[in-house]
Amino acid sequence: MKKKRLYIILILFFTGIFVLGAFQIYRQLREYGEGDSVYTDIEQYVWIEEEPEDDGDGQENESQSGENEPDVNWPAVDFAALAEINPDIVAWIYIEGTEINYPVVQGTNNQYYLKHLFNGKWNSSGCIFLDSRNTPDFSDRHSVIYGHHMKNGTMFSGLTEYKKQEFYDEHPVILLMTPDQNFRVEIFAGYVASVKDNAWDIAMESDMKFETWLEETKERSCFESEITPAVTDRVITLSTCSYEFDNARFVLAGRITE
């Protein structure tokens, strides 16, 4: 009798574990679906402009400074329409050839958008968001943008591909569009950081501190880059989770060019 009761208890126990696991999987898949749906819906407000026309002599277009620049296929963004959905929008981020093609928002703190979608609905996918300490026009010396590393490959999951030199070589530039202007962000470093590191230090009080930070960031990079930022540059860091150790983060740094 006691043995039979034990069997029943074990069956109920393992059944409960199975049901709980199945529910968690269902909830996660449902959240993935909701997140994908929201970001798919707002894609109508972003479109890729036609590539610049060849000037006929086979030469690349030149900037006003006279330097040759590669043609950039900029996405066009209807910020007015997106602001009607969420007035917290400050930019749109796009890395060609990757899944990273998202609005960037900024909240009054760095917690809300960890668990809320662009439309404000609670969801573990969250949003891509600018650090609440930064100015929304990216005029700070160092700006930080956060995003989750989702198991379905969305949000900032693709950043960890930059641990490989060949991936960096193929995707060296981030495009960042704001309501006022567009920025090319030339990536110069990427590395795995601890949450205790200074990768997210925004208050660079002096040129010397900023220069030291830039040198350390460059030295720790997983890949080699010809870009060497100067203290007069503005830098953007993209940050997401990594799994080499507890509380590991992968950070990708680039200098802003207008």
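Tutor: A residue is buried when its relative accessible area is under 20%, exposed when it is over 50%, and partly exposed in between, using a 1.4 Å probe and protein chains only. Helices (H or I, at least four residues) and strands (E, at least two) are DSSP runs, numbered from the N terminus. The model is predicted, so local features need a pLDDT of at least 70 and side-chain atom pairs count only at 80 or more, while totals for chains, interfaces and linings use all residues. Residues are numbered from 1 along each chain as its sequence is written, and side-chain values use heavy atoms, with hydrogens and water left out.

Student: How confident is the predictor, on average, in this protein?

Tutor: The average pLDDT (the predictor's confidence in each residue, from 0 to 100) is 85, and 78% of the residues score at least 70. Residues 18-26 fall below 50, and this stretch has zero contacts (heavy atoms within 4.5 Å) beyond near neighbours in sequence. Residues 58-68 are also below 50, but that stretch has twelve such contacts in the model. Where pLDDT is low, the predicted coordinates should not be read in detail.

Student: Which residues of α4 are called buried?

Tutor: Phe210, Trp213, Leu214 and Thr217 are the buried residues in α4. They cover an arc of only 100° around the axis, so they lie on the same side of α4; the arc is taken from the directions from the helix axis to the C-beta atoms. Met208 and Glu219, on the other side of α4, are exposed. The buried residues pack against β6 (142-146), β8, β9 (235-241) and β10.

Student: How do you know that the span of α4 agrees with its number of residues?

Tutor: The expected span is 1.5 Å times one less than the number of residues. For the 13 residues of α4 (207-219) this should be 18 Å, and the end C-alpha atoms are 18 Å apart, therefore the two agree.

Student: Why is β8 described as largely enclosed?

Tutor: Ten of the 13 residues of β8 (182-194) are buried, so the rest of the structure largely encloses this strand.

Student: Why does Glu186 count as buried?

Tutor: Glu186 is found in β8. The relative accessible area of Glu186 is 14%, so this residue is buried.

Student: With which side chain does that of Glu186 make a polar contact?

Tutor: The side chain of Arg255 is the partner, at 2.7 Å. A polar contact is a pair of N or O atoms within 3.5 Å; within protein, one must be able to donate a hydrogen and the other to accept it, and residues adjacent in sequence count only if both atoms are side-chain atoms. Leaving aside neighbours within four places in sequence, Glu186 is in contact with residues including Pro172, Ile227 and Thr257.

Student: What phi does Phe138 have, although it is not a glycine?

Tutor: Most residues other than glycine have a negative phi. Phe138 has a positive phi of about 65° and lies in the loop between β5 (128-130) and β6. With a relative accessible area of 0%, Phe138 is buried. Met155 has a positive phi of about 55° and is not a glycine. Met155 sits in the loop between β6 and α3 (165-170), and its 1% relative accessibility makes it buried.
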